[in-house]
Amino acid sequence: MPTYTALTTLLGRDSAEALGLALEGLDPSPTGIGVFEVEDGSGFWEVGAYFLDPPDRAALMLLSAMHGAGDFAVSKLDDQDWVAQVRRELTPVAAGRFIVYGAHDADRIGVQKIGLKIEAAMAFGTGHHGTTQGCLLLLDRLAKQGLTAARVADIGCGTGVLAMAAARCFRSRGIATDIDPIAMATARENLLANKVGGQVAVLRVDGTRSPRYREEAPFDLVFANILAGPLKRLAPEIRAILAPGGRAILSGLLTRQIPGVAAVYRGHGLVVEDRITLGDWTSLVLRRYATRAM
């Protein structure tokens, strides 16, 4: 069965989120909606939707006009061609003790590695991008330094690879959350395929706006591999759910954005403890102290 995508851009977070909400009312309705900041300093946001049936182009045109967006670009993706292409490109990626691989490469994984099986899916986080790889490398460093994390949260989990890595490494329990239903379904499948489905609950949550976060907190380790703008807004929420002395691994950051993000978190009592740069992207480890750093 083919999949259809509809993508557009517009200025401002509020306008983009309003358009994303309006897309939910379409008939046929989308199976997934994503709203993302374009990280080029332009102030533009991208709004995308996935459909199993051809979308109503007239309705899309009307919505884009009502919300001040550009015309939606609609594309048809053939499942078999798309999955085959991703599988060809999804070669195993090593990050410290972890190796991320597709099921078609299972026989290539050595016994000395913690294998994380990821299937081809429309969700972020296969380990090939510098942000995900950076998070895994920092997790590996923390484990080698003796960190133990009984409770872990993964905000914006995508494929669930980071929550899965922590569950395999520490036998931790926790939650993985995302706003994209496709990501949630993918994460659940991957967690089950890696035999840690019982350790991690997958929920649809924007940020940490769910009673489940308060019930599960405090967390020893929090992942947030998203974008600079949302990470800044999440600083007080992440501090609130972290245990004193707990760590947050942040990514999705261009290296030039690090000073601004670090300053915001420092104001909330989280200080940069480690970092790793891969290409243009830098991932951070921050530690929460009992009182705010001055």
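Predicted model: local features only at pLDDT ≥ 70, side-chain atom pairs only at ≥ 80, totals over all residues.
Trainee: How many helices and strands does the protein have?

Mentor: Helices (H or I, at least four residues) and strands (E, at least two) are DSSP runs, numbered from the N terminus. By that reading, the protein has nine helices and 14 strands.

Trainee: In what order do the strands of the four-stranded open sheet lie?

Mentor: Two strands pair if DSSP finds at least two bridges between them. Here the order is β2-β3-β1-β4, and the pairing is antiparallel. Because β2 (32–37) and β4 (73–77) stand at the edges with a single partner strand each, one side of each is left without a neighbour in the sheet. From one strand to the next, the twist averages 20°. Strand β1 (residues 3–11) is joined to β4 by five bridges, and Tyr4 stands opposite Lys76 in β4.

Trainee: Which strands form the open sheet of seven?

Mentor: Its order is β10-β9-β8-β11-β12-β14-β13, with mixed pairing. At the edges are β10 (200–204) and β13 (270–278), each pairing on one side only. The twist in this sheet averages 15° from one strand to the next. Eight bridges link β13 to strand β14 (residues 281–288) in the antiparallel sense; Thr277 stands opposite Thr282 in β14.

Trainee: Which strands does helix α5 touch?

Mentor: A contact means heavy atoms within 4.5 Å. Axes are lines fitted to C-alpha atoms, for helices over the stretch in contact, and angles run from 0 to 180 degrees between N-to-C directions. Helix α5 (residues 161–170) packs on the seven-stranded sheet, touching β8 (151–155), β9 (173–178), β10 and β11 (219–225). The direction of α5 makes about 150° with that of β11. Helix α6 (residues 181–193) lies across β9 and β10, running at about 170° to β10.

Trainee: What share of the residues counts as buried?

Mentor: Buried means under 20% relative accessible area, with a 1.4 Å probe and protein chains only. Of the 294 residues, 49% count as buried. The protein exposes about 13,400 Å², by the Shrake-Rupley method, and carbon and sulfur atoms supply 53% of that area.

Terms used. Residues numbered from 1 in each chain as written. Heavy atoms only, no water. Buried < 20%, exposed > 50% of the residue type's maximum accessible area, 1.4 Å probe, protein only. Areas by Shrake-Rupley, 256 points an atom, 1.4 Å probe, with all protein chains shown as cover.
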